[in-house]
Amino acid sequence: MALPLTNIQAAYNLDDSPGNLVDSTGNGYTLTNTASTTFGTGLIGQAAEFGTSNATKMLNTGSAGVALADDWTVAFFWQADTALNGLSIMEVTWGATGAGNSNRALFGRDQANNRWIIFNSAFSSGQTTEAISNGTWYHVMATRSSTTLTLYINNVSKGTATVGAATNQTPRIGTGYQNDAGWRFSGDLDMWYVWNKALDSTERSDVYNGGTGVQYPVASATFIPRASFFM
C-alpha cells in the first residue's frame, strides 16, 4: 500500500526522541513540543503520549503555520484515553494570528457525550452518537474541499461543516481551542500527516490502509531478479 506523496506538505512519524519534532518531508515545518510531551509505543514505532488529563502539552507549528492552499487534508492515528474534560483533537486557525474565531476548524471527540464532533468558526457542527472505546486506535482525517470541511473516522465520513477562506493555517494538537480547559487533548497520537490538497477516496483509503497505516516515507521494494538456468 502506497502513501499518497503528491502535495504532501508535512509528515511526522512521531518516532523522535523527546524534544521538537522534525518534518520528515524536508519542508522544514518543525513541531514545537510544549511542556515535554512524552513518547511510548505507537501503532507503528512510537507515538506521542498526552496522558489522561492534559493541561499543558501541545504540538504545534508556531504562528507561521503550514503553508496550505484553500484545499487541504490532515490525517493521523489516535488512541482514545480517559479524559477529565472534553477533547479537541485538532485545530486549524485561519486569518491573523490570535484573531479570535477567525475561520477556525476544530474536530475531535466530545468527551462528555462520547461522540465525534466537527466545528467551524460559527460553531455550526456535525456530530455523531456512536460509542468511542478507550485503548482503541482510530484513524482521524479531515479534508477541506472548497468551503466544506469533512471529518472521516476509520475512512468513514462522520460529518461536515462549512468554513471560510483560508490564509494563515496553524495546525496544532494539544491544549485545543484557545487553550480552553474544556477542550484538552488526551490519548496517544501517531503518524500525523498534512497534504496541500483534499485527498480523494482512493488516496484516503491508501492512508488508512485497513487500519494499519503507512509510515512516511514508503520504502521502495528491492527487485531481485530470478536466476536463469540454461540446460
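Start by selecting residues 72-79, strand β6, together with β15: the two pair in the antiparallel sense over 6 bridges. Strands here are DSSP runs (E, at least two residues), numbered from the N terminus, and two of them pair if DSSP finds at least two bridges between them. Before you go on, remember that this is a predicted model: local features need pLDDT of at least 70, side-chain atom pairs count only at pLDDT 80 or more, and totals for chains, interfaces and linings use all residues. Residues are numbered from 1 along each chain as its sequence is written, and side-chain values use heavy atoms, with hydrogens and water left out.

Now click on T73, and look across to W195 in β15, which stands opposite.

Next, pick residues 8-12. That's strand β1, running antiparallel to β15 and joined to it by 4 bridges. Here I8 stands opposite W195.

Then try residues 46-49, strand β4, which pairs with β15 in the antiparallel sense over 2 bridges. Show A48, and you'll find L189 of β15 opposite.

Time for β15 itself, residues 188-195. How many of its residues are buried? The count is 8 of 8, so to speak a mostly covered strand, where buried means under 20% relative accessible area (1.4 Å probe, protein chains only).

Last stop: show the side chains of Y193 and W195, both buried. Their rings form an edge-to-face aromatic pair, 6.2 Å centre to centre with 85 degrees between the planes. Rings of Phe, Tyr and Trp (its six-membered ring) pair if their centres lie within 6.5 Å, and planes over 60 degrees apart count as edge-to-face, under 30 as stacked and the rest as tilted. The structure holds 3 aromatic pairs, this one among them.

Technical notes. Buried < 20%, exposed > 50% of the residue type's maximum accessible area, 1.4 Å probe, protein only.
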